Amino acid sequence: MPSATVNSRRPIELLSRLASDEPEVKVRALREVKNQIIGNRTKKLSFLKLGAVPAVAGILADSADDVMDSNCDNNNVNNILVQSATVLGSFACGFDAGVQAVLDAGAFLNLLRLLSNSNEKVVDAGARALRMIYQSKLAPKYDFLQRKNMEFLISLLNSENENVSGLGASIITHSCKTSLEQKALFDAGILRKLDSLLEGGSLSQRDASLESIAAIFKNNPEVISKFAGPEIGRPLSSVIDLVKDRYPRTRLLACMCLIVIRNTSPHFLQDLGIKTTLIHILLELLDDPGQVGYEAPFAFSSLIAQREDIQKLALEANAIDKLHHHLQKGPLHPRHYEGILLALADMCSKLESCRSKFLSLQVLNLVTDALTDNSADVRTAACICLKSVTRSIKVAALGAICNVVVDFTTRKSIFIQCGGIKQLVELAKSMESAVRSNALWALKNFVFLADNRLKEDVFSELTASMLSSLICDPEPCVQEQALALVRNLVDGYINSIEFVFAEDGLILGAIGRQLQSSSKAEIGIQGMYALCNVASGNEFHKEAVMHQLFPQTGDKNQSYMIKFLLSNDSQLRTATVWTIVNLTCPSSPGASGRLEKLRNAGIVSQLKNMVNDSCVDVKLRVRTVLGQSMGFGDN
């Protein structure tokens, strides 16, 4: 029977072999553990649960102590050191639970001890493992302000071993957070060394140095000024050159470094060519299939955020089209998905031209899909994007939102949570009548067939006094949309009708006044349908409508109803007759009295003249009213 392969050995068996007294067996077991866990989070977790990390950390500690024993077989010990360090690094690579386990097992200091080993392979293995740890936020913070620590850091950066010098750079990236630390590193000549690695180092050293330089620069214009000044030549050119490097990750890190410089000290990198280059490279990097592609949109966001000049350049570079294309491709990695949504949010944060482009491509439909994604980060990014787009104050962009918002259905509550309604209500207060009208149009669409809870959320933002003022707005287009909003607001649930009775019936009174004074059919249509919906309620609601139709006796009020029934606009005639249908419903206790009032006003007689109306809807509704009136003895 063939022997078991490396990948078929069970974790428990491998752990038992780690305890072997035979160095060869121990080394093979360590190698097999490494081979099983590399790139496999499930396997890592399985070994963690069995206590593999403390076991390997113990082997590392014992072997590191054995190096001091001149009688030991150094070759065997070194092999064990290399393999145990490699296993610990593999546990830590991209896996915070593994990093925590390595730290808890006390392996960190023993890994540091390996850096002073005389064997190059041991040093390299220790440096690799420590670099894996320093990729995590859980790694220990290094205190640069202590002289011995700074001297140790300098020794790492001066090492000819690229993993050791890369470790030094990784420590800086992880630990350099304060301006005091940034200054200390600059004063110690660290930036000179990092700059030399940019020009003559390996790929790994260049990438690590770019990240470290960005960490030292971040939010510290003084350090940037010293770095870019004549004191140490023209080092910025090294970073600029790497923007066009052949390796995607290097290009991304160089872009990020320049963005930190630009955002910290805007007077640097004013050249239009550099800005345009950064935009194009970051948009190209979106296509990278791995981690670089996932991080590129975040770098792009940091480049354009709150900067109208760069947003304009990005628009000219078709940034929104390219971001839209990635959303269309799907499915996306959650990190990539989140970054693209945030990049779109920043693109639409300032310029109306960007928002109009966004909406013309119907990107909003794809963003609303993200509101139901499994990832909380993606959902949050989608809300931020929606909030950014709804800041729009221009008619074209706002009009597009009006058409889209009606389709939100179950996602309307999320639209409220991300601030969409607040923004629309603010726009309804605009000095521009077209903006007020379009904001009301969007709100009207939002409450269309919405449940009562969502209507309450909208109404609480609008308030009765604001809505009644908009109904009486000087501009007819605003009046029409305000009345249409009320029409949808009171449609459906009987509880919704109560909105027009808030603040002593302020809204209902405004509707009545507009119907009496307006000469435009469009306003009459929306106002009558609003009253029609109110009249579908209970006795109190029906009598309130009658009060608006007939607040006092006299020909003026009678002619206003008659005028609507005689209108050339079939929609206005239909809305008026529908209102009468609801007022005279036979099941309502007060229907007879209301019918008598309508008869005395000459309205029933007018309806009899409309039994053959050219509009089928009017004809049917008229016959309904006359049929109801016959039930009360009107022949």
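Before reading any accessibility values, I wrote down the cut-offs: buried is under 20% relative accessible area, exposed is over 50%, and partly exposed is in between. I also noted that this is a predicted model.

Entry: the total. I searched the whole structure and got 23 salt bridges. I looked up a few of them.

Entry: helix α9. Arginine 147 pairs with glutamate 151, and their closest N and O atoms sit 3.2 Å apart. Both residues are in helix α9 (residues 147-157), 4 residues apart, so about one turn of the helix. Arginine 147 comes out at 69% relative accessibility, so I logged it as exposed. Glutamate 151 is at 44%, so it goes down as partly exposed.

Entry: a link between helices. I found aspartate 309 and lysine 275 in a salt bridge at 3.3 Å, N to O. This one ties distant parts of the chain together, with aspartate 309 in helix α19 (residues 308-316) and lysine 275 in helix α17 (residues 272-285), 34 residues apart. Is lysine 275 buried or exposed? I have lysine 275 as buried, with a relative accessible area of 9%, while aspartate 309 is partly exposed at 36%. I also see Arg262 joined with Lys275 and Asp309 in a network of salt bridges.

Entry: helix α37. Arginine 599 and glutamate 596 meet at 2.4 Å, N to O. They are 3 residues apart in helix α37 (residues 591-600), about one turn of the helix. I put both down as partly exposed: arginine 599 has a relative accessible area of 26%, and glutamate 596 has 37%.

Methods:
Residues numbered from 1 in each chain as written. Predicted model: local features only at pLDDT ≥ 70, side-chain atom pairs only at ≥ 80, totals over all residues. Heavy atoms only, no water. Salt bridge = Lys/Arg side-chain N within 4 Å of Asp/Glu carboxyl O. Helix = DSSP H or I, 4+ residues; strand = E, 2+ residues; numbered from the N terminus. Buried < 20%, exposed > 50% of the residue type's maximum accessible area, 1.4 Å probe, protein only.
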